[in-house]
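Dear colleague,

Please find the structure below, together with its sequence.

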Amino acid sequence: AIWGLRDKVVETFPLCDDSNWEHIIETSQQVFELIRIIVSFMNKETWEEDGDSIWDYDEALPILQRDIINLAIIAAFMKNNPDVYLVFYDSY
């Protein structure tokens with residue numbers, strides 16, 4: 001778990017109207033905002049100050065890199081498919 005990253009996502013994206021746990025990411029621009037948040041945690045200093053994670057920086061870095069690639073692919077798909085959206089499920 002990366003609690004600091006989770007906190008940034010929860011404060012950036014609104015809750016779905018009918019849920020206390022789902023945060024909706026509706027546009028490719030919002031996906032890029034999510035990517036920006038993840039990129040900020042790739043900075044070792046930010047990680048150490050705000051990451052609040054069970055993983056060390058070196059363990060988490062490849063996961064964050066993979067997530068950025070996957071989200072960029074999803075953002076490109078969303079540009080041509082406006083009915084597609086992401087749900088961040090906060091099981092915290």
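This is a predicted model: local features need pLDDT of at least 70, side-chain atom pairs count only at pLDDT 80 or more; totals for chains, interfaces and linings use all residues.

Residues are numbered from 1 along each chain as its sequence is written, and side-chain values use heavy atoms, with hydrogens and water left out.

Helix H1 spans residues 3–12 and helix H2 residues 28–40 (helices are DSSP runs, H or I, of at least four residues; strands, E, of at least two; both numbered from the N terminus). Their axes, 10 Å apart, pack at an angle of about 150° (axes are lines fitted to C-alpha atoms over the stretch in contact, and angles run from 0 to 180 degrees between N-to-C directions). H1 and H2 are therefore roughly antiparallel (angles over 145 degrees). Leu5, Lys8, Val9 and Thr12 of H1 meet Glu33, Leu34, Ile37 and Ile38 of H2 (contact means heavy atoms within 4.5 Å).

Ile37, in helix H2, is buried, with a relative accessible area of 3% (buried means under 20%, with a 1.4 Å probe and protein chains only). Not counting residues up to four places away in sequence, Ile37 touches Leu5, Lys8, Thr12 and Phe13. The C-alpha atoms of Ile37 and Lys8 are separated by 7.2 Å, although these residues lie 29 apart along the chain.

His23 belongs to strand S1, residues 22–25, and is buried, with a relative accessible area of 3%. A polar atom of the His23 side chain lies 2.9 Å from the backbone oxygen of Phe13.

With kind regards

Technical notes:
Buried means under 20% relative accessible area, exposed over 50%, partly exposed in between (1.4 Å probe, protein chains only). A polar contact is a pair of N or O atoms within 3.5 Å; within protein, one must be able to donate a hydrogen and the other to accept it, and residues adjacent in sequence count only if both atoms are side-chain atoms. Angles under 35 degrees count as roughly parallel, over 145 as roughly antiparallel, 65 to 115 as roughly perpendicular and the rest as oblique.
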